[in-house]
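Please open the model in your viewer and have your selection tool ready. We will walk through one interface, stop by stop.

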Amino acid sequence: MRRLGYEGVVVAAPVSVPYARFSTRTAHAFLGELLRTILARTGLAKARIDGLCVASFSLAPDSAVALTEHFGISARWVDHLPFGGASAILALHRAARAVQAGDAEIVACIAGDTNDPDAFRRSTAAFSRFGQDAAYPYGASGTNATVALLTDHYMRTYGVEAEDLGRICVAQRANAGPYPNALLRSAMTMEDYLASRPVAEPLRLFDCVMPCAGAEGFIVTTRETAEREGLPYANLLAVMERHNAYPDDPIQMRGGWAEGRDDLYAQAGMTPAAIDFAELYDDYPVVVAMQLEDLGFCDKGEAKAFLRAHDLTTAGSFPVNTCGGQLSAGQAGAAGGFLGIVEAVRQLTDTAEGAAVPKADIGLVTGFGMINYDRGLTAGAAILAR
Amino acid sequence: MSAPRRNPVLAPNRATIPPARRSRVATEMSAWAAAGVFALQTCGECEAVQYPPRDVCRNCLSPRLRWRPADGAGALLATTRLHYPYELYFRERAPWRTGIVRLAAGVSVTAFLHPDLGEAPAPAFVTARLDRAGQAALIALPDETANFEVTPMREFTASPKGRKILVTDAASPAGIAMVKAMCAAGAATVWAGRAEPWGVVPGYEEAIAHPAVTVLPLDVTDGDSVTSLAGRIGGRTDIVVNTATYHRPGRALGAMGVESARAEMETTYFGLLRLARAFGPALAARAAEGPNHAVAFVNLFSITALVASPAKATHSAAEAAAYAFAQGMRADMRASGLRVVNVFPGPVDEGWNQLDLPPKIAPDALARATVKALETGVEDVFPDPVARQWYARWRDDPAAFARELAEAGA
Ligand SMILES: [Zn+2]
């Protein structure tokens, strides 16, 4: 059966709330500031928000419904997505269908987290049952240990050098330079990258995101409403998500993108060659490398050659993570996954806060998350266009 | 050889333990590891092997998952070295090497790596050991015979090597064997407790002649004797091996009065209680002091602690009481990473079991099994065929097994 497209569904009002390494403010405060900024920039009255989709790790014991009361919103549609780095694509997916079906007219998709020095340890210890039973007792701290193992295996299998993955980190740092909201903006050379201390070998410090506090969000609505309200927007062309793909792979070498990409490009009516820039989920550079393969920019095992042949900076031949991504901006909890959509919509609406991609007509955005035990379970992607 | 004294100006090193929280079903894996078995769930309907532990089969969704001894053979796919783990226990001992092993059974496991196991790809052998939280930890070895007397593998043992050990009753056949076995295993010091300094016990003089052995007075039925000895050596003891037991064959209705049964309780149960309260806190306080820190409290029980033998009804009662108390000890000692090792032999080949039919375990074999349990970090020890058979039947259906023994009258 052919999937219904997203004709008439748009994304608008991309907003980043400035990040802080640590904060004494709550997730509620960050999400409140985010929503207030969205309303201020769009000129929409709060009562116009009739759908609310929330992602946060540090909102407990509250949920999206509790936030409707906290924020004084009478929504007719809510969703709460505790799905880590995949939450943004999933939020976009659900909100788009709600808007398309008329269940809501304007859905605010918001994500935000606070960060205190012990928060990451606590959320890691209890992230999932399989993780609690089979990963955390082995010294795993966050996802570093699991991704270090995937990286070791990936590098070994395809003869990838540290410099190959380093190209991703170095290019993204260059992209972060002009972006005021990035926590890491100072220039980084390949030598700096290679000299950074080992964290979980083969991962270095600069292969890992810096956890921080912050919020990211956007609204999903119809083209008709966006135009009536005078909102710059990006059109949603295609979305895919896939969970627990390839469970029989002994160790993760590909994500669900490989399973869903044909459907994704068919829905958008294009091939990977049409993509002008990509906001690829970047908790670690190996995840970016795998996506280049899984999403069809090169064959499996060829990301190394692709990275050697392309310039990933904003003005380069294949711009990736154009405001520095999480690797340079910081990872504001669940908001980290929203940064890609927010940045893509900024590029497509000529409102970049850092450097603008010279030709930004079609952008690819991805999400990845839920490292429950030994692999990331959820992969998602969306194609947005002017 | 005596360990350097701790600098009194520095804060004592408090014991930390790895994360102990597990799902209920994962705790079952730890129960198997406590008895020295690496077990995985296998589906009772489709035979699919499962990991991590789950509640329904990943293949056919059947709830009939059964624990079975697993084949540890597999292939090491990837390795890492963790330099900055969050948990204090790991951070204090960083870096840690871990890896992913694909078992021949078709599941991938995250495991600690033995230092002799190189980088991937390589063949590996996975075993389950108890970590210092008393939970199952999977460890990938180059082969089954890998040496655990190396960093950090020694964390998964309670090895007697280099440690100071109290054997509470060194004058019994089992006590003599235990003193000899601990010396042979490289104990730095063996304190041999002796309640009554008279009489000749065959083999005793030879056992205490070892240069590591010092005889000290200890009567576990006397509170003052226990606290006095704890005051003398409690702050230096790394392992307590409680061999003090008292038993006389006695059926439930077989004798008048309670004197013999009371004496059994006084030694076997109250003796353990006195020792635990006198030595336990000092052991816990020293559970992180240097490489040969305090590590274990060993109880020499009998398999009748699990299920009563009608021919030894009063003895079984005292054993059961002591075992019940030991379960409480285990809970209280867990926070400091101390192991409570319970040894459950069948009939031991010594005087008071003369009328038991063979097979009976020789005291030397019992002591060797105890040393091996300490060296492999096992907490529940069933050292002989009778014990293993009773244990298997007890695990299978304790109620039915108790009725079976009652009907057999033995
Ligand atoms: Zn099954």
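Here is a short tour of the contact between two chains.

A note on conventions first: this is a predicted model, in which local features need pLDDT of at least 70, side-chain atom pairs count only at pLDDT 80 or more, and totals for chains, interfaces and linings use all residues. Residues are numbered from 1 along each chain as its sequence is written, chains are lettered from A and ligands numbered from 1 in the order in which they are written, and side-chain values use heavy atoms, with hydrogens and water left out.

**Stop 1: the whole interface.** Select chain A and chain B together. In contact (heavy atoms within 4.5 Å) are 33 residues of chain A and 39 residues of chain B. The buried area (accessible area, 1.4 Å probe, lost on putting the two parts together and summed over both) is about 3200 Å², with 56% from carbon and sulfur atoms.

**Stop 2: a salt bridge.** Now pick Arg156(A) and Glu119(B): they form a salt bridge, and their closest N and O atoms are 3.6 Å apart. The term takes a side-chain nitrogen of Lys or Arg within 4 Å of a carboxyl oxygen of Asp or Glu. Between the two chains there are three salt bridges.

**Stop 3: strand to strand.** Which residue of S4(B) is the bridge partner of Glu201(A)? Look for Arg81(B).

Definitions and conventions. Pairing = 2+ DSSP bridges. Helix = DSSP H or I, 4+ residues; strand = E, 2+ residues; numbered from the N terminus.
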